[in-house]
Amino acid sequence: MRTDQLTIGGVSYDSRLILGTGKYASFAQTRAAVEAAGARMVTVAVRRVNITDPAKENLLDYIDPKRFTILPNTAGCSTASEAVRTAMLAREAGVGSLVKIEVIGDAKTLFPDNEATLEATRVCVKEGFTVLPYMSDDLIMAKKLRDAGAAAVMPLAAPIGSGLGIQNPLNLRLILEEITDLPVIVDAGVGTASDAAIAMEMGVDGVLMNTGVAGAQDPVKMARAMRLAIEAGRLAYEAGRMPRRPYASASSPIEGVSR
């Protein structure tokens, strides 16, 4: 059974949208998009965005950690050891023990190295982190990551930054059928509001996106569109859609009507 709220590591959030903070024109625009999205969790690339040096302009000057949960991620790492070190750096900087593990295995597609991700997850779990691993839409790897102690699984919908939407809905459905004791969060590939709504209608617990918002012509308007799409998709999932039929069915049947 999917839960009423997105709950990760024992903490519940009233938004199912996790928003990335990269690629915006400015930190001010990032903040405006986060507000428009209604997000309660934002993800930050530790190796690309300053959250550790208070002497320089810092994202945390614009995104208040008292209002938003900061999810540091290990984007840019290509080995398990790099990812673990980056997670440690984020925790030492004071942003907590929540971490998105991302280990890239291919520079062209940015597909994750699932085995290295699994290795990093095991180490980080032992070190007391709450781990959200970015992974391929692979049922077997989802089961291994769950057994390794991950707090959620985060399968891609399509390559990072592609905006292609869900390319393998069957794979995602198989993961949703098997992984019922952890949140399943679609990560990567969402390009517009309809992509987010489709993912939510399938029953995923949340969607993480960055380029789909930051890459829009008007990121703040797109952030609001994504917020509404997430809400609509979840409501449709909870409502349960009508059965699909091969033929027409009259909206106002005449059976039983006297003539």
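**Ground rules.** I number residues from 1 along each chain as its sequence is written, and I leave out hydrogens and water, using heavy atoms for side-chain values. Because the model is predicted, I ask for pLDDT of at least 70 for local features and count side-chain atom pairs only at pLDDT 80 or more, while totals for chains, interfaces and linings use all residues.

Leaving aside neighbours within four places in sequence, I find Leu 19 in contact (heavy atoms within 4.5 Å) with residues including Tyr 24, Val 34, Met 41, Met 209 and Val 213.

**Rings.** Which rings pair, if centres must lie within 6.5 Å, with planes under 30 degrees apart called stacked, over 60 edge-to-face and the rest tilted, for Phe, Tyr and the six-membered ring of Trp? I count one aromatic pair: the centres of Phe 27 and Tyr 62 are 5.5 Å apart and their planes stand at 50 degrees, so the pair is tilted. Phe 27 belongs to helix α1 (27–37) and Tyr 62 to the loop between β4 (41–45) and β5 (69–73), so the pair ties together parts 35 residues apart in sequence. Phe 27 is buried at 19% relative accessible area, whereas Tyr 62 is partly exposed at 24%; buried means under 20%, exposed over 50% and partly exposed in between, with a 1.4 Å probe and protein chains only.

I also checked charges over rings (NZ of Lys or CZ of Arg within 6 Å of the ring centre and within 35 degrees of the ring normal): Arg 91 lies over the face of Phe 129 at 3.9 Å from the ring centre, and Lys 100 over that of Tyr 134 at 5.3 Å.

**Cysteines.** My search for disulfides (cysteine sulfur atoms within 2.5 Å) finds zero in the whole structure. Cys 77 is in no disulfide, with the nearest cysteine sulfur, that of Cys 124, 10 Å away. Cys 77 counts as buried at 1% relative accessibility, and Cys 124 does at 0%.

Technical notes
Helices (H or I, at least four residues) and strands (E, at least two) are DSSP runs, numbered from the N terminus.
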